[in-house]
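User: I would like to go through this structure by question and answer, with the terms defined as they come up.

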Amino acid sequence: MRKLFPLLGALLFLLCACGRAASQRYDVEIDGRSYTLDQEEGTITCGDVVCGFEVRGSGNGYRVTFTFPDGSSCWWEQSEYFGIGGGSEDYDPERYVSRDTLLSVLEAGPAKQPRQRGGNPVIALFLLLIGAFNLTVPQAAWYLRHGWQFKDAEPSDAALAMGRIGGGVAVLAGIIFFFV
């Protein structure tokens with residue numbers, strides 16, 4: 001049980017260390033025009049025009065949707081090998097800032113591409129806790145899985161080793177789910 005506390009402490013440290021940056025507002029200049037990119041609010045401002053944007057990850061790529069003050073919108077979807085875009089029927093690239101310019105503003109920000117977090121922290125935490133439990137107290141894990149079904153049963157060394165190996169795999173999977 002004492003081995004579990006350092007692992008939980010390390011996990012808590014990792015979770016707390018993944019906070020947001022203090023400033024997510026950047027000024028970008030493209031073709032002589034100044035743009036303000038506010039990642040926290042999800043807006044790009046050029047003069048009096050404030051355009052909203054939303055970035056979502058999808059597999060090996062991402063999709064960006066831009067929404068203009070009049071409610072029109074356009075989008076760009078980038079996969080690993082190609083990109084495709086479109087817009088609503090009332091989207092006019094000459095009325096406001098064009099989609100290509102807005103994409104350039106996003107790419108000129110601190111992260112060259114919009115950063116997406118694809119993992120699920122709930123599943124990751126569950127896998128990390130189960131894996132840590134199996135690694136630190138394999139006898140208790142074996143008892144919870146199988147031992148309660150039999151009277152005076154003891155796990156074999158092979159069963160304990162497999163429990164530890166499974167715990168290690170679960171911890172690795174939890175880390176992958178959390179950070180990828």
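User: How many cavities of 30 Å³ or more does a search of the whole structure find?

Analyst: This is a predicted model, in which local features need pLDDT of at least 70 and side-chain atom pairs count only at pLDDT 80 or more, while totals for chains, interfaces and linings use all residues. Residues are numbered from 1 along each chain as its sequence is written, and side-chain values use heavy atoms, with hydrogens and water left out. A cavity is a set of points, on a 1 Å grid over the protein atoms alone, where a 1.4 Å probe fits but cannot get out, and its volume is the space filled by probe spheres set on the points, which are joined across faces, edges and corners. With a threshold of 30 Å³, the number found in the whole structure is one.

User: Which elements give two or more residues to the lining of the largest cavity?

Analyst: The largest cavity holds about 40 Å³ of space, and its lining residues, meaning those with an atom within 4 Å of a point, are Y35, I44, C46, V49, C51, F68, Y96, V97 and L102. Strands are DSSP runs of E with at least two residues, and helices are runs of H or I with at least four, numbered from the N terminus. The elements that give two or more residues to this lining are β3 (43–46) and β4 (49–58).

User: How many nonpolar, polar and charged residues are in the lining of the largest cavity?

Analyst: The classes count Ala, Val, Leu, Ile, Met, Phe, Trp, Tyr, Cys and Pro as nonpolar, Asp, Glu, Lys and Arg as charged, and the others, Gly among them, as polar. On that basis the lining has no polar and no charged residues, and its nonpolar residues number nine.

User: How is α3 oriented relative to α4?

Analyst: Axes here are lines fitted to C-alpha atoms, for helices over the stretch in contact, with angles running from 0 to 180 degrees between N-to-C directions. The axes of α3 and helix α4 (residues 138–145) come within 5 Å and cross at roughly 115°. Angles under 35 degrees count as roughly parallel, over 145 as roughly antiparallel, 65 to 115 as roughly perpendicular and the rest as oblique, so the orientation of α3 to α4 is roughly perpendicular.

User: Which residues of α3 and α4 make the contact?

Analyst: Contact means heavy atoms within 4.5 Å. By class, the contact of α3 with α4 has six nonpolar, two polar and one charged residues. On the α3 side these are F133, N134, L135 and T136, and on the α4 side P138, A140, A141, L144 and R145.

User: Is N134 buried or exposed?

Analyst: N134 has its place in helix α3 (residues 121–136), and, leaving aside neighbours within four places in sequence, N134 is in contact with A141, R145, G163, R164 and G167. Buried means under 20% relative accessible area, exposed over 50% and partly exposed in between, with a 1.4 Å probe and protein chains only. The relative accessible area of N134 is 9%, so N134 is buried.

User: What is the relative accessible area of P155?

Analyst: P155 lies in the loop between α4 and α5 (157–179). Leaving aside neighbours within four places in sequence, P155 is in contact with Q139, W142 and L160, and although P155 and W142 are 13 residues apart in sequence, their C-alpha atoms are 6.9 Å apart. P155 counts as buried because its relative accessible area is 17%.

Terms used
1 Å grid on protein atoms, 1.4 Å probe; cavity = no way out; pocket = protein on both sides within 12 Å on 5 of 7 lines; lining within 4 Å.
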